[in-house]
Structure formats: structure tokens, C-alpha cells
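Have a look at the model first, then read on.

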Amino acid sequence: MVVKVIELVGTSRHNWTDAVDNAILEASKTVDDILGVEVTNFTANVGNGHIAEYKADVKIAFQVHH
């Protein structure tokens, strides 16, 4: 088996878990056979003294078909 890894940034207005889920959901629209995800970093945008947007940097692994 050959596995390819892509890097994405997911975002959410609610929390970091949703940001990861959103990255996987969007990737699954164009990528088949996603095998796993590695979260490499969490960041956020701040506005008016509060977190306005959560961000999760992820690496998504999927199987390459020949």
C-alpha cells in the first residue's frame, strides 16, 4: 500500500475539535480512502478580547490507488 499525506488548515467558530472535523469533512469531498489524521498545531484568531475563529493544522493520510 502507498499512502499520501496532505496538509490542511480547518477552521471553526466553536472549538478546535470542530476545526479538525471540518478539515476532514472538506478533504473527504475530493479525497477517497482517508486513513487517518495528525493534528500538528492549534491556533486562533482573536477579536474583541475573545477567540473569534479556531484553527487546526492537520495532516491527512489517504491510500493511493494504482
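D33 is partly exposed because its relative accessible area is 38%, and partly exposed covers the range between buried (under 20%) and exposed (over 50%), with a 1.4 Å probe and protein chains only. D33 sits in the loop between α1 (16–28) and β2, and its phi is near 55°, a positive value in a residue other than glycine. Keep in mind that this is a predicted model, where local features need pLDDT of at least 70, side-chain atom pairs count only at pLDDT 80 or more, and totals for chains, interfaces and linings use all residues. Residues are numbered from 1 along each chain as its sequence is written, and side-chain values use heavy atoms, with hydrogens and water left out.

**Another positive phi**
- N48 also has a positive phi, about 55°, although it is not a glycine.
- You'll find N48 in the loop between β2 and β3 (50–64).
- With a relative accessible area of 79%, N48 counts as exposed.

**Nonpolar patch**
- W16, V37, V39, F42, V46 and I51 make a nonpolar surface patch of about 500 Å².
- Patch members need over 30% relative accessible area and no salt bridge, with nonpolar side chains (Val, Leu, Ile, Met, Phe, Trp, Tyr) joined within 5 Å and like charges within 9 Å.
- A salt bridge here puts a side-chain nitrogen of Lys or Arg within 4 Å of a carboxyl oxygen of Asp or Glu.
- Strand β2 (residues 34–47) gives the largest share of the patch, four residues.
- V39 lies in that strand, β2, and counts as partly exposed because its relative accessibility is 37%.

**Overall fold**
- The C-alpha trace spans about 50 × 20 × 10 Å along its principal axes.
- Take the contacts (heavy atoms within 4.5 Å) between residues at least 6 apart in sequence: 62% of them join residues at least 24 apart.

**Surface and charge**
- Of the 66 residues in the protein chain, 20% count as buried.
- Its accessible surface comes to about 4600 Å², and carbon and sulfur atoms account for 49% of that; the areas come from the Shrake-Rupley method with a 1.4 Å probe, and for residues only the protein chains shown count as cover.
- There are 5 positive and 9 negative side chains, and the centres of the two sets lie 6 Å apart.
- Lys and Arg count as positive and Asp and Glu as negative, leaving out His and the chain ends; each charge is placed at NZ of Lys, CZ of Arg, CG of Asp or CD of Glu.

How values were computed
Helix = DSSP H or I, 4+ residues; strand = E, 2+ residues; numbered from the N terminus.
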